[in-house]
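Reader: I'd like a close look at a single part of this one. Could you walk me through it in plain words?

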Amino acid sequence: APGDYDPGVWIGTSSDPELSISSPSDNVVFSPETTNISIVFSVQNFTLSGDNGSGMSDGSGDGYIVGTAVENGAAPESVNIFDTTQAYESLVPGDEATLTVELVDNAGNSLSPAVTASVSFSVAEYTQAANIIALRAGSSGDYFELTGEAILTFIGTSRNQKYIEDASAAILIDDDSGTITTSYNVGDGITGIRGQISSFGDVTQFVPQADPGAVTSTGNTITAQVVTIGDLLTNLDNYESEWITINDVRFTDADGTATFATGSNYDITDGTDTIAFRVHFTGTDIDGTVIPSSSVNITGLAAEFNGTVQIMGTNLVNIVLGVERNGIEGYAAYPNPVTGNSLTIISNSIENKRVDIFNVLGKKVFSQTFSGTQKKLEISNVSSGIYILKVTEGTKISTQKLIIE
């Protein structure tokens, strides 16, 4: 009987014609960018004939496939198919289709019994989001077009990742396939990003489906939002992927000799709450440096991984806020806030000094050296905003927040 087993041989194997659709899978939803797909068939125990040049069988095989498509509820349309791959073209967002295929003989007659298969598929539509907070309100798998401008705040070191932020929120762009081909710089404004919401390790991500094209502005800055560890623990989703600053925290692993290593987490505490400081990005100047033993202010990207709340460091400048604030004897910098075009630096020593000003993303925007106990610096080329002022005198360093109005 069919299916009986006899010393290593199955008896009764069916020789009936078989037809199935290998691709696409049933009820798949394609990206809104999809215009053409390939329908792939699997045919068993049946030899497909060729096309005689007029869309009919040339009689060289057992028959052919008739495909009937119903698209968006319209009248069915049929086509004769002589290969195991068939192009389906001219798709647009919002299309819904059901394709039914049947094996027929060379005269176009159904087999007995009939051999059929079917598949349904659709093309998604973009939902327009005016800002990132509206984008983040979507669910994983949803497609959005971000119609408002977003500022590129950081470029990751893997998977072509980029962080973008606007006045409402921030989100991580995960572009492992390299869909975005336009070259952007930190501070560039990008408008019209189209992509799909996804999640990895509880982090909301935006997977691009098309290249947004040319920048819509340049030279933008994002001011880091000052938060507490308690704020992050209570509602990280309000800050995820944003630039944040956490003041007056200490590293619990600091012992004067322990150093940072890329790919590692280090607990930071404000005396009440604790989260992780992550050295996530490769190639930064954080890797290998000694973990600060004193209280520090940290600016970085708010993040999480599988429920572990983190702040991700990007460079040393954004770790030393407030550290060695009085390292230089007699040091002072005024006025602060700066209301004109100049900043005066004083100290007790005539030793050479280097003055560096960094924006909150760690980019150096001003640098000058001088000797003597006092120097009035012309800083008219530095735009209004919040900065980090770092003065180095020999082995001594003083840093502080600098506001330029």
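Where does Asn-306 lie?

Author: Asn-306 lies in the loop between β21 and β22. Before going on, some housekeeping: this is a predicted model, where local features need pLDDT of at least 70, side-chain atom pairs count only at pLDDT 80 or more, and totals for chains, interfaces and linings use all residues. Residues are numbered from 1 along each chain as its sequence is written, and side-chain values use heavy atoms, with hydrogens and water left out.

The strands on either side are β21 (296-305) and β22 (308-312); a strand here is a DSSP run of E, at least two residues, numbered from the N terminus. Asn-306 isn't a glycine, yet its phi is positive, about 50 degrees. Asn-306 also counts as exposed, at 51% relative accessibility (buried means under 20% relative accessible area, exposed over 50%, partly exposed in between, with a 1.4 Å probe and protein chains only).

What's a pocket? On a 1 Å grid over the protein atoms alone, a pocket is an open set of points where a 1.4 Å probe fits, with protein on both sides within 12 Å along at least five of seven lines; lining residues have an atom within 4 Å of a point.

The lining has 19 residues, and Gln-161, Phe-200, Val-203, His-280 and Phe-305 lie nearest the centre. Sorted by class, the lining has 8 nonpolar, 6 polar and 5 charged residues. Here Ala, Val, Leu, Ile, Met, Phe, Trp, Tyr, Cys and Pro count as nonpolar, Asp, Glu, Lys and Arg as charged, and the others, Gly among them, as polar.

Asn-27 is in the loop between β3 and β4, and its phi is near 65 degrees, a positive value in a residue other than glycine. Asn-27 is exposed as well, with a relative accessible area of 57%. The loop between β3 (18-23) and β4 (28-30) also holds Pro-24, and the peptide bond from Ser-23 to Pro-24 is cis, with omega near 0 degrees.

Conventions
Helix = DSSP H or I, 4+ residues; strand = E, 2+ residues; numbered from the N terminus.
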